[in-house]
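Please open the model in a viewer and keep the selection panel at hand.

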Amino acid sequence: MIPKLINLNDYIHSGEGANGESFYHKADPDAMMKLYFASAPYEIVENELILAQKVYDLGLPTPKPGHFITDGNGRYGIRFQRIAGKKSFARAISDDPSQLELYAATFAAMCRQLHATPCDKRFFPSQRDIAYGYVDKSRDLTDDEKARIRAFIASVPDADTCLHGDMHTGNVITNGTENWWIDISDFAWGNPMFDFGMYYFVTKCPPEAMTKDIFHLTRQQMEDVWCIVLRDYFGAATAAERQEVEARIAPFAALKIIDLANKEKMEPWMRPWIDNTLLKKDEKEI
């Protein structure tokens, strides 16, 4: 794929993330671009565009992808449909907590739609295989622990539905009328419990200061949204029903913790989650 050369002077810087920066086009109010940092290889950016187009073609709500682009100085990116006035569900709840119920229920409905959509397995990876990779790459697990966790992954019932891969309220945006999934570079197929493992992880596992910094929400607000999502998605209306669902989801959250530890390091708060769920070394409640 040949990237289209753009002039950065035609764009206005609008934000920055872990992998790159976002820009709005000065002359075209319907266009924005994500420009990766120079450390991102050409192939990584090209692949994200291909996957973004495949997700869009599935009919799921996501901003329409456009051109593969370059600034001519070793940086590559993607031009997307711009969603004017957008904010994430997490930010929308932070700005107006009275709308928490509405956004939580909408998020649950979007998750149901996502997980009811068959995925094209020719183009997207298996989340089961991705999870095996987390375990195999771990520097912190013994061979016996790896074998036990791999056995758990193998026991997960198969499904061919779409998975976001990074499913949480920070990765859905709204303009107040319509809603879209964003940041779909981890899109995959498999059992929806893998997606809920990610959502459980961001809701319950990190220290509250980290939650507040990333999602702009208190731990209680995160928990309130979580309870509504479990009610609407799983039908878990009581505390006992939520506890039963959470017990099934928790090991999938521990898989995400292993992934995070691989990328950074095993923090003191991480290991107990792995021990108490995937390895069941301590049966007391987390």
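In what order do the three strands of the open sheet lie? In this predicted model, the order is 7-9-10, and the pairing is antiparallel.

Select strand 7 (87–88) and strand 10 (179–181) to see the edges of the sheet, each of which pairs on one side only.

The largest nonpolar core comprises 79 residues, and Phe-107, Ile-149, Phe-187, Tyr-199, Phe-201 and Leu-255 have the most contacts inside it. Select helix 9 (residues 239–263), which supplies the largest share of this core, eleven residues. Centre the view on Ile-149: among the residues that Ile-149 touches are Val-135, Leu-141, Leu-255 and Ile-258. A second, separate core has six residues, including Tyr-11, Phe-23, Met-33 and Leu-35.

Finally, select the cysteines. How many disulfides does a search of the whole structure find? The search finds zero. For Cys-119, the closest cysteine sulfur is that of Cys-162, and the 3.9 Å between them is too far for a bond, because a disulfide requires sulfur atoms within 2.5 Å. Cys-227 is likewise in no disulfide, with the nearest cysteine sulfur, in Cys-205, 15 Å away. Cys-119 is buried at a relative accessible area of 9%, and Cys-227 is buried at 18%.

Definitions and conventions: Residues are numbered from 1 along each chain as its sequence is written. This is a predicted model: local features need pLDDT of at least 70, side-chain atom pairs count only at pLDDT 80 or more; totals for chains, interfaces and linings use all residues. Side-chain values use heavy atoms; hydrogens and water are left out. Buried means under 20% relative accessible area, exposed over 50%, partly exposed in between (1.4 Å probe, protein chains only). A nonpolar core is a set of buried Ala, Val, Leu, Ile, Met, Phe, Trp, Tyr and Cys residues joined through side-chain atoms within 4.5 Å. Helices (H or I, at least four residues) and strands (E, at least two) are DSSP runs, numbered from the N terminus. Contact means heavy atoms within 4.5 Å. Two strands pair if DSSP finds at least two bridges between them. Lists of a residue's contacts leave out its neighbours within four places in sequence.
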